Amino acid sequence: MVKFVYFRNKHRVQSLNQCWILNRLEEFAQCCVAAGSMYPNIIGFIDGTARAICRPKYKQRDFYSGYKKQHMLKYQSIVFPNGLIGRLDGPFIGRRHDAAILNLSDIRLEMANVFSTPTTNYALYGDPGYSNSQYIKVGYKNHHSLTERQKLFNKTMSALRVSVEYGFGKIVQLFAFVDFKKNQKVYLQHLKFQYYVAAFFSKLLYLHEWMSNLRLFCLFTT
């Protein structure tokens, strides 16, 4: 059943070329500006997350993260201001850095096709693990030599970027089995299918909750 749901709906979480994204780029940018974004063209946020796994029998060094001090798989996600995941990539082995995952995900070409419009080149905002580029913006680095204005910039943008963490957190909150380390066995289970299906269903549940709140709002305001 997990395989069936994955292959039937994987395009809904693996591509930015979706109508609900293409038709709302300007709206996303305006939402970010209204929330305090220092960039006028930021439409979403990109980040990686690590999911701990049971220690594998083979290639343990590849899956081991020296930073987290455990074996894990990593995923990369793009989240928009409405809380929905636009694209999910992975899994990648635990020792990969976010910048390396960005290159492996081959997402730059799709961003160039989707984010470039005749009037504006839109971009995503990421943490300092990424490098500043045309379609991904980051804050100031070298914290020890920053001015007060630069520190305020980083603080403001970090407060907005936390929305991508909420997207990851929602998946784990609704489908706790993807966060149960002892049952995440990389060579015995299709962990990719499980996580993608969990992301897809969390997206559906978020939409259902949003539509329910909208109906209640319309009911009490008419």
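I started with Glu-165, which sits in helix α8 (residues 148-174). I am working from a predicted model.

Glu-165 has 36% relative accessibility.

Glu-165 and Gly-48 are 117 residues apart along the chain. In space their C-alpha atoms are 9.0 Å apart.

I looked up the annotation. UniProt, in an unreviewed entry, lists residues 46-181 as "domain: DDE Tnp4". I took the content of that span from the model: 35% helix and 24% strand.

On to helix α7, residues 108-115. Which residues of α7 are buried? I found Glu-110, Met-111, Val-114 and Phe-115. They share one side of α7, because they cover an arc of only 105° around the axis. I noted the general rule: an α-helix has 3.6 residues a turn, so residues three or four places apart point the same way. I then turned to the face of α7 directed away from the buried side. Leu-109 and Asn-113 are the exposed residues there.

Last, I went over the surface. Which residues form a nonpolar patch? I found Tyr-58, Tyr-187 and Leu-188. Together they have about 390 Å² of accessible area. I placed Tyr-58 in the loop between β1 (42-52) and α5 (60-63).

Conventions. Residues numbered from 1 in each chain as written. Predicted model: local features only at pLDDT ≥ 70, side-chain atom pairs only at ≥ 80, totals over all residues. Heavy atoms only, no water. Buried < 20%, exposed > 50% of the residue type's maximum accessible area, 1.4 Å probe, protein only. Helix = DSSP H or I, 4+ residues; strand = E, 2+ residues; numbered from the N terminus. Arc of directions from axis to C-beta. Patch = residues over 30% accessible without salt bridge, like charges linked within 9 Å, V, L, I, M, F, W, Y side chains within 5 Å. Areas by Shrake-Rupley, 256 points an atom, 1.4 Å probe, with all protein chains shown as cover. Salt bridge = Lys/Arg side-chain N within 4 Å of Asp/Glu carboxyl O. UniProt positions renumbered as here; feature names shortened; annotations may be inferred.
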